[in-house]
Amino acid sequence: MSDTKPERPKKIPTPRAIRGTQDMFGAEAARFEHVIDSFNRVRKLYGFKRVEVPVFEATAVFARSLGETTDVVSKEMYTFEDRGGDSLTLRPEFTAGIARAYITNGWQQHGVLKLATHGPLFRYERPQKGRFRQFHQLDAEVIGAAEPAADVELLVLADHLLKELGIKDGVTLRLNTLGDAESRAAWRAGLIEHFTKHRDALSEDSQARLERNPMRILDSKDPRDIPVAQAAPDIDAYLTDEAGAFFEKVSAGLAAAGLKEGEHWQRDARLVRGLDYYRHTAFEFVPDAGSAWAERLGAQSTILGGGRYDGLIENLGGPATPAVGWAAGIERLAMLVDEPLEDAPEFVLSIDDNVTKQNYPDAQHLDLEFSRIMKLLRNAEISVHSDNSGKRDRRIERARRNGSKAMIFILRRVDQREVLVQIVPLVPDYDAVAAINSKSRNAVLANAGTGTHRLNCKI
RNA sequence: GCGGUAUUAGCUCAGCUGGUUAGAGCGCUGGUUUGUGGUACCAGAGGUCACGGGUUCGAACCCCGUAUAUCGCCCCA
């Protein structure tokens, strides 16, 4: 309160994280990274090239691609005006941005493109478990291929990825065809006719859906709707010969790759897509009801979904271009994977309690010594970090819990070139001395008796 | 956008019917013990009981609002 004291800046109330955003740390962040690492490994096996597209685009990119579903466009996108007065939107999906890039960069010149990306997406929705406003997806697309082989390759890639992540039993691939434009339109008309006939039996929600998005009545959860939906006609009755043949080839291709109907996937003749640029293949990987996966995911059940969208690129003003792709929520996948091993540094460098000014004349420069020694070890690809806080025993405990393999305590300086260290292994039978000496030429340990070693660490 | 539940220490949570100074475990800091190690004991720091109003002699507890999380609905590109 004295006048002479400089005034402290006023402490501000800490700004809160935005609703629906996440901060990830520790095991959670490790699982997240593990999903991405696995995706990158697997997509390279299939020859999918990495692509990067902007996080924001002209609003038209998404508004046009989403077309009629005005609710999504008007209420669930992060749309804003920039300083130049242009309407921009944070990407709510990958496909539209990739399609835009394909058109504006003339990527047709590369022929059939197999592309993969991942990153943050933004949707203004009410958050729930596994559902965020900034969330992250993996994405794989094949652009320019009209053949069912492309659908098959994507499906096999998806299946491979899930197995790589350890998500095997208890998750089922549900597969359907929406047919070509003609089949789809006919089925849609048939559904409308059916539902209109039973309008009075439907829930209020579904009566509204009948106007807006009649195909969605098929996956209503309202008990009043379920019998009506079950009595509705399947797509099969409306499939053209061409569309039927396409689906046959997808099915045969999957079988050839070892994915057999009934065993590895199931036909779901009621799986639908609301947008009318979707054609032919539509699929979702969904955890089985009552499985451990379903438990962990809550209401957000689909972990990977996709389909063929032959009409989209044309919708965006490009040439008619067949394409197929899928996306998967990284957060949801991360909820399902086992915790990967901690990537703790192999060694922890620390000061022994007995280091004094007498035995370590330049003890006031210990931080410089630490920098030097750690750089030598790191140059030899040995991972190490330092920890000098708290009591020695607690440091050992902390390092052990973090998953490090040994501690290196600096005891005293021997001479200009050498310091005396004590190696404390944290896991049984770990030969830390051999681990260092086999890798490092500039930081070499020599036995100095009673568990101590001389560390030659002259640069 | 609609409905339910929750929010107490850094974390996980107790806290009776509204009643004195708010509790534990873990974690953190220090000490003793141990002395090639995942020990035990002792002590300490750490709280605007989410936030803002209200009722009451008195509120962590009851009521209203807000925020966030969570469960479901709607939506799902």
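When I say a residue is near a molecule or strand, I mean that one of its heavy atoms lies within 4 Å of it. With that in hand, hello everyone, and let's look at the RNA. This is a predicted model, where local features need pLDDT of at least 70 and side-chain atom pairs count only at pLDDT 80 or more, while totals for chains, interfaces and linings use all residues. Residues are numbered from 1 along each chain as its sequence is written, chains are lettered from A and ligands numbered from 1 in the order in which they are written, and side-chain values use heavy atoms, with hydrogens and water left out.

So, how many residues surround RNA strand B? There are 39, and the closest are Lys-129, Arg-209, Arg-216, Arg-400 and Val-424. Of the RNA atoms that come within 4 Å of the protein, sugar and phosphate account for 50%.

Sorted by class, that surface has 21 charged, 10 nonpolar and 8 polar residues. Here Asp, Glu, Lys and Arg count as charged, Ala, Val, Leu, Ile, Met, Phe, Trp, Tyr, Cys and Pro as nonpolar, and the others, Gly among them, as polar.

Which element gives the largest share of this surface? Helix 14 does, with 7 residues. Helix 7 (204-212), helix 14 (392-402) and strand 15 (418-425) each supply at least two. Helices (H or I, at least four residues) and strands (E, at least two) are DSSP runs, numbered from the N terminus.

Now for some individual atoms. A backbone N or O atom of Lys-129 sits 2.7 Å from a phosphate oxygen of RNA strand B.

Let's move on to salt bridges, meaning a side-chain nitrogen of Lys or Arg within 4 Å of a carboxyl oxygen of Asp or Glu. The structure holds 23 of them. In one, Arg-41 meets Glu-164 at 2.8 Å, N to O. That pair links distant parts of the chain, with Arg-41 in helix 1 (residues 26-45) and Glu-164 in helix 5 (residues 148-164), 123 residues apart. Arg-41 is partly exposed at 43% relative accessibility, and Glu-164 is partly exposed at 35%. My cut-offs are under 20% relative accessible area for buried, over 50% for exposed, and partly exposed in between, using a 1.4 Å probe and protein chains only.

Another salt bridge joins Arg-372 and Glu-369, 3.1 Å from N to O. The two are separated by about one helical turn because they are 3 residues apart in helix 13 (residues 366-379). Arg-372 is partly exposed at 22%, whereas Glu-369 is buried at 6%. Salt bridges with shared partners also join Asp-151, Arg-308 and Asp-310 into one network.

Is Ala-323 buried or exposed? Its relative accessible area is 0%, so Ala-323 is buried. Leaving out residues up to four places away in sequence, Ala-323 touches Val-142, Ile-143, Ala-145, Arg-308, Tyr-309 and Asp-310; contact here means heavy atoms within 4.5 Å.

Last stop: Ala-101, in helix 4 (residues 95-104). Ala-101 is buried too, at 3%. Beyond its neighbours within four places in sequence, Ala-101 is in contact with Val-53, Gly-106 and Trp-107.

Notes: A polar contact is a pair of N or O atoms within 3.5 Å; within protein, one must be able to donate a hydrogen and the other to accept it, and residues adjacent in sequence count only if both atoms are side-chain atoms.
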